[in-house]
Amino acid sequence: MQSIIRVTLFAIYAFIPYSCGFNLVPPSAVISSIKYNTHTMSLSMMSNDGHAYPLIDDTDLFSDDIATSTRRNFFASIVSSAVVASSLPTPVNAEDIRSTNDATITDKIFIEFKGLSAPSEPNDRIVIGLFGNDAPQSVSILKQVVTPQGYKSKCKPLDTTRTFEKEQLEANKVYNNCIEKEDTVGVNYEYSTVWRVVQDERLDIGAVSGKFIAREPPNFEDKQSGLKHDEKGVVSVRRGNESGYGFTIFPRGNAQAAQTLDDENVVVGRVIEGMDVVDKLNSIPVVKNTLAGNKKKTAPSRACRYGGNELFCNEQKPLKKVTLDMTGIL
């Protein structure tokens, strides 16, 4: 605000004729501050050399009615100019308003869904264009997960706190099996599912299961690219490791849902083929009204994706099983 007033006053000063009788700041002075003296009713500017240059000559401010009126009008013009300047829209950083349509697609992956259409019909397929320049780390992980080789994730530490011996022996077996294959077998979307559909808000896809539940989830980093969920078909992953290995497709133009995803997720791409399949996914019948006590979360915990038994885990879960039958890089 102060900078606006300074610029406004300096511009007015530069074009006010000296014939008005004001002692104005010398053109060579660089204005650093503005001061109004309430005792003398004078307005002055401070230059970088420490001197105060009066905008209005207070010695004869009230000498006659004409001068008084003129100077009051001059002061009013300063105030009104500052008000107008302050009401102008604030410039927005271009990076903050980037459209996903303008983002460069560096890679393409495909997903084929089984169970979305009738068994006699071909699998439903989408192609996702990835923004490798904007979210390089997240895109790299997603590209690995869609391949048979998968993403080489470490095994979770062995839990030795099981109460029952049988459960501990089973946990030991799972851990030892994971360690044996840790360096050779990566996590992929084999047998993964569409695990949550909130109509017109989000499609959560890629809940890994089985042999992969013993692996540590990836930590998706945010590069702050400025990309938002600004249109149907935007693809994103949740920041940190709460998303497991899954990703989310934004199915509609719901502003509130888009804002929630902007706050929690990293945009990694957009659907460039198969928008009709996105519509099918968005229309899947799901489980409703399982939340007790009106408990509300933006997304279930990661445990829900790995076989959690809590009632909350069933909320918005598709009533029919839809799996990711085939995935890969194009």
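This is a predicted model: local features need pLDDT of at least 70, side-chain atom pairs count only at pLDDT 80 or more; totals for chains, interfaces and linings use all residues.
Side chains of opposite charge can pair when their charged atoms come close. In this model, a count of such pairs gives 10 salt bridges. Three of them are described here, starting with the one between Arg-98 and Asp-134.

The side chains of Arg-98 and Asp-134 meet with N and O 2.7 Å apart. The two partners come from distant parts of the chain, 36 residues apart. Arg-98 sits in the loop between α2 (65-87) and β4 (107-114), while Asp-134 belongs to the loop between β5 (124-130) and α3 (136-145).

Next comes the pair made by Asp-200 and Arg-252, whose closest N and O atoms are 3.6 Å apart. That still counts as a salt bridge, because the rule asks for a distance within 4 Å. Asp-200 is in the loop between β6 (193-198) and β7 (202-207), and Arg-252 is in the loop between β9 (247-249) and α5 (255-264), so this contact ties together parts that lie 52 residues apart in sequence. Both ends are partly exposed: Asp-200 has a relative accessible area of 30%, and Arg-252 has one of 31%.

A further salt bridge joins Lys-232 to Asp-279, at 2.7 Å from N to O. Here a loop meets a helix: Lys-232 lies between β7 and β8 (234-238), Asp-279 is part of α6 (residues 275-282), and so parts 47 residues apart in sequence are tied together. Lys-232 is partly exposed at 28% relative accessibility, and Asp-279 is partly exposed too, at 26%.

These last two pairs belong together. Asp-200, Lys-232, Arg-252 and Asp-279 are linked in a network of salt bridges.

Asp-200 turns up again when the backbone is considered. Its phi is positive, at about 65°, although Asp-200 is not a glycine. Tyr-191 is another residue other than glycine with a positive phi, again near 65°. Tyr-191 is found in the loop between α4 (165-181) and β6, whereas Asp-200 is in the loop between β6 and β7. Where Asp-200 is partly exposed at 30% relative accessibility, Tyr-191 counts as exposed, because its 62% is over the 50% cut-off.

Methods: Residues are numbered from 1 along each chain as its sequence is written. Side-chain values use heavy atoms; hydrogens and water are left out. Helices (H or I, at least four residues) and strands (E, at least two) are DSSP runs, numbered from the N terminus. Buried means under 20% relative accessible area, exposed over 50%, partly exposed in between (1.4 Å probe, protein chains only).
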